[in-house]
Amino acid sequence: GGYVAEEPREEKKEEFVSSSTTLTPREAVLHAQQRNAEAGHENAGYLSFSHGFAPRLTPITHFPPEFEAWNELARQLPFLVSSRKLRSYCDDKLPVLDAKQLPAIFALRAANVLGFTAHAYWNLGDPPATPKLPPGLEVPWVTVNKFHLKRKGVHFLGFFEQITGNFAFEEDKIPAPSPDSTPCPWHTEELARYGSVEYDPAGANISNYHPSLWLSGLDLERN
């Protein structure tokens with residue numbers, strides 16, 4: 001079966017009361033921590049005292065079985081781009097999955113995979129013959145942006161999924177969380193099976209992590 005979300009654990013958090021509509025910096029961080037703990041994810045943005053503007057957990061690396069088509073797309077994306085086969089793959093082989101059925105904890109991973117694919121599809125070589133993304137790509141990407149990430153207007157590849165939450169540590173080099181650190185309230189053993197685990201941000205070093213989905217070095221310019 002697929003991923004089944006568990007109830008977020010209670011997290012000890014400081015209470016704050018603001019006398020105005022403008023929060024102090026400390027109140028803003030407390031508010032973000034409380035909001036994300038109640039939601040059970042960080043789709044509204046990364047912000048905490050422990051991790052700053054980085055995610056509380058390492059980014060999810062794959063989807064539940066019901067969304068295996070997106071796992072396959074992510075695995076093949078570098079090859080599809082370099083071989084110039086991406087458009088035919090998306091046109092002919094990418095099914096239209098119902099992104100509303102995707103658990104919210106996977107939304108930023110979906111925005112990452114679908115967003116990168118959409119940009120590569122559009123910018124790889126000459127403009128598409130039909131000025132529109134294929135349904136298997138556009139329909140779920142719009143749903144993820146509007147339904148899960150609550151973005152208004154046009155759908156886009158955002159900073160959270162493209163940069164801040166797009167990394168993976170090298171195998172066996174994930175810095176263990178400090179023994180006295182506060183556990184992330186939405187972390188579960190089941191979620192860890194999808195690649196999302198707790199880590200010590202102080203131990204994060206540029207030498208032991210890399211983008212989890214990237215097209216670096218591949219020419220995506222129209223030619």
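This is a predicted model: local features need pLDDT of at least 70, side-chain atom pairs count only at pLDDT 80 or more; totals for chains, interfaces and linings use all residues.
I looked up arginine 75 and found it exposed, with a relative accessible area of 53%. My cut-offs: buried is under 20% relative accessible area, exposed is over 50%, and partly exposed is in between (1.4 Å probe, protein chains only). Residues are numbered from 1 along each chain as its sequence is written, and side-chain values use heavy atoms, with hydrogens and water left out.

Which side chain does arginine 75 meet in a salt bridge? I got glutamate 72, at 2.7 Å, N to O. A salt bridge here is a side-chain nitrogen of Lys or Arg within 4 Å of a carboxyl oxygen of Asp or Glu. Both residues sit in helix α2 (residues 68-82), three residues apart, about one turn of the helix. Helices are DSSP runs (H or I, at least four residues), numbered from the N terminus. Glutamate 72 is partly exposed at 27%. I also noted that Glu68, Glu72 and Arg75 are linked in a network of salt bridges.

**Other salt bridges**

How many salt bridges does the structure hold? I counted four.

One of them pairs glutamate 161 with arginine 151, with the closest N and O atoms 2.9 Å apart. Glutamate 161 is in helix α6 (residues 159-164) and arginine 151 is in the loop between α5 (135-148) and α6, so the pair ties together parts ten residues apart in sequence. Buried or exposed, I wondered about glutamate 161? It's buried, at 1%, and arginine 151 counts as buried too, at 16%.

Then I checked glutamate 170 and lysine 173, whose side chains meet in a salt bridge at 3.3 Å, N to O. Glutamate 170 is partly exposed at 31%, and lysine 173 counts as partly exposed at 42%.

**Helices α4 and α5**

Next I looked at how two helices pack. The axes of α4 (residues 107-123) and α5 come within 9 Å and cross at roughly 140°. Axes are lines fitted to C-alpha atoms, for helices over the stretch in contact, with angles from 0 to 180 degrees between N-to-C directions. That makes α4 oblique to α5; under 35 degrees would be roughly parallel, over 145 roughly antiparallel, 65 to 115 roughly perpendicular, and the rest is oblique.
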